[in-house]
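Please consult the sequence and the model alongside the points below.

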Amino acid sequence: MALLLAVGGATWRCSGRLPARHFSRAARRGERPGGEELSRLLLDDLAPTPRSAGGLELLFGLSPCLLALRAARRRVARLLLQAGRSGLQGERAELLRAAEARDIPILRPRRQKLDALCRFQVHQGVCMEVSPLKPRPCTEVGEARPGDDPQQLWLVLERLQDPRNLGAVLRSAHFLGVDKVITSGRHSCPLTPVVSKASAGALEVMDVFSTDDLAGFLQAKARQGWLVAGTVGCSGPEMSPSSGIPTTSCLDFLWDRPTLLVLGNEGSGLSPAVQASCQLALTVLPGRRLPPGLGSLNVSVAAGILLHSICSQRKGFPVEGKRKHLLQDPGEPSSTSEGPGVAQHPGLASGSEQERQNGS
C-alpha cells in the first residue's frame, strides 16, 4: 500500500522501500531539484521493477533517454538519474524538465545500482524504464514512386544481428539523410536499448519498417522503376557470375534514380534470394593489397562509406563553399573582400598560404 510522507515540506510517495518524488512543485518554487533532501535518503535501496512482466525495458544513456522523451513514442514508467552529481545542467536539466512536464516519477539511485540495473553498460548516469520500440510493418511504408523524387534512398538491412552494428548503421543513415530503413523480419536484431545507445538515440526519432518477404518487396520496387543495389565485399561473398549482375565501385556509382541500398548479414552477406533481386552490386575498394581474412569491412563502417558516396550526390548536399561556411568562426573577420571569411585550421592551410607563412 502506498504511503504519503512529508519531508521538509515536500510530498513523497513510498511503496515498500522505493521512494519516488515528483519535482515539479519544487521546480515551480525555483528550487534546484534533488537538493539536500535527496542526499540524506538511502537510495541504494532502489528496488528493481519486474520490467518483463510489465512489458518494459531499461533504456540507458543521455542521448537515447532525452530523444525518447522528446519524441514521446514510448511509454515512460520512471526516470533514473544518478545521485551524487553536483547539480543538473545542460541536457540533464532538460531531461529533468521534460520528465516533470509529463509527471514521470524521478528516482536518484547511486551509480552502483545503475551499473547493476544496466548490466554494466555505459549509462552516463541516466536510465529510463520504457515500453519497447518495434519495427512498423512494411505495409505502412507509404507509396513513393520514382517520378516523385529521382533522388530517394532507402536502406534495406537483411539479417543484421549485432545490436551495435545495427545502431551504428542507423546513426549513419539518419545523419546522411536516408529516407527510409527497412529490415528483414526474420533473423534480425530487435530494436533493443543497446541498438538505441549505439545509434546515439537516432533510433528514437527514426521510423524502421520490417517485412518477412524482403525479396518480394525488392522485386516489387524494381517493377516500379527503383534501382535495387546490393553490396559485396572486395573479396567476400560475391554475386554469382551466372547471375549477370554487374559489380562496381561505390565511387563510380551514378545516383540518377530512386535507389534501394541493400546490406547483408555480418558473416554471410546477402541471401541468394535477395541477391537475385538486385540489379547492381556496389563494393568499397581497398587502398592496398590485403592479407587473407581482412578483405571486408565491418558492416556499419561499409554502410557509412557507401551511404556517403551516394548521398554526396544529392542536390543540396553541402558542397565546398557551404562546408567552409559551416566551419567559419562567426567572430572571425573576413579573409577576402568577397564575403565572410573562413576560420582555417593551421594544418589545412593552402600551399601558397603556407609558403607566405614560411617566408615571413
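Arg136 is partly exposed at 30% relative accessibility, a class lying between buried (under 20% relative accessible area) and exposed (over 50%), computed with a 1.4 Å probe on protein chains only. The model is predicted, so local features need pLDDT of at least 70 and side-chain atom pairs count only at pLDDT 80 or more, while totals for chains, interfaces and linings use all residues. Residues are numbered from 1 along each chain as its sequence is written, and side-chain values use heavy atoms, without hydrogens and water.

**Salt bridges around Arg136**
- Arg136 forms a salt bridge (a side-chain nitrogen of Lys or Arg within 4 Å of a carboxyl oxygen of Asp or Glu) with Glu140, at 3.0 Å from N to O.
- Glu140 is partly exposed, with a relative accessible area of 42%.
- Asp207 also pairs with Arg136, with 3.1 Å between the closest N and O atoms.
- This second pair links distant parts of the chain, 71 residues apart: Asp207 lies in the loop between helix H7 (193–198) and strand E11 (208–211), and Arg136 in strand E8 (residues 136–137); helices (H or I, at least four residues) and strands (E, at least two) are DSSP runs numbered from the N terminus.
- Asp207 is partly exposed, at 35% relative accessible area.
- Arg73, Arg136, Glu140 and Asp207 are linked in a network of salt bridges.

**The Arg74–Glu57 pair**
- Arg74 and Glu57 form a salt bridge, their closest N and O atoms being 3.0 Å apart.
- Arg74 is buried at 4% relative accessible area, and Glu57 is buried at 16%.

**Overall count**
- The count of salt bridges comes to 9.
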